Amino acid sequence: MENKSSETQQISSAEAILYGALAPGVNGATWNTMKIVFVMLGFSLTFMLILGFNSSDLGLILHVGFLVFISFTLFFLLARFLEQTGLVSVEHQMQEIGLKPKDGDSNLKSD
C-alpha cells in the first residue's frame, strides 16, 4: 500500500499532462495548464485590443474582438463539459494506456 502512494507522488505534472494528452479523459494537471494558457491568451488579446484602440484601426478591433469571443466561448464550453463529466485521475489514465497494471491484472500476474 505504501508502494502505491510513493508511485503516485513520483509522477510530475509534466508527465501527468503527457498522460492527459495520450489517454481518454482530462486530469487535474492538464486542466490547470489549460486554464493558465487561456489566461495568457486573454492577456495577449487584451493587449492587442488596446493597441487596436490606440491606433484607431477598426479592422484590428473587430478581428481581435472576434478572437476574444471565440476564446471565451471555447473556455466556457470546456468548463461546462468538464463540470458535467468530471476529471480523471492520472493513475486511471496510466491504466488506460497500459503503463500501469489494472487492479484485476496485478492479481493474475502474481499467480
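Which residues in α4 are buried? In this predicted model, local features need pLDDT of at least 70 and side-chain atom pairs count only at pLDDT 80 or more, while totals for chains, interfaces and linings use all residues. Residues are numbered from 1 along each chain as its sequence is written, and side-chain values use heavy atoms, without hydrogens and water.

Helix α4 covers residues 58-85. Helices here are DSSP runs (H or I, at least four residues), numbered from the N terminus. I61, V64, S71 and L82 are buried in α4, that is, under 20% relative accessible area with a 1.4 Å probe, protein chains only. These buried residues pack against α3; contact means heavy atoms within 4.5 Å.

Helix α3 spans residues 28-55. Its buried residues are T30, W31, F38, L45 and G52. Their cover includes α2 and α4. N27 caps the N-terminal end of α3, with a side-chain oxygen 3.3 Å from the backbone nitrogen of A29. S56 follows α3 and has a positive phi, near 55°.

Helix α2 (residues 13-22) packs on α3 at an angle of about 95°, with the axes 8 Å apart. Axes are lines fitted to C-alpha atoms over the stretch in contact, and angles run from 0 to 180 degrees between N-to-C directions. The two helices, α2 and α3, are therefore roughly perpendicular (65 to 115 degrees). On the α2 side, S13, A16, I17 and G20 meet A29, T30 and T33 of α3.

Definitions and conventions
Parallel < 35°, antiparallel > 145°, perpendicular 65-115°, else oblique. Expected span 1.5 Å × (residues − 1). Buried < 20%, exposed > 50% of the residue type's maximum accessible area, 1.4 Å probe, protein only. Polar contact = N/O pair within 3.5 Å; in protein donor to acceptor, adjacent residues only side chain to side chain.
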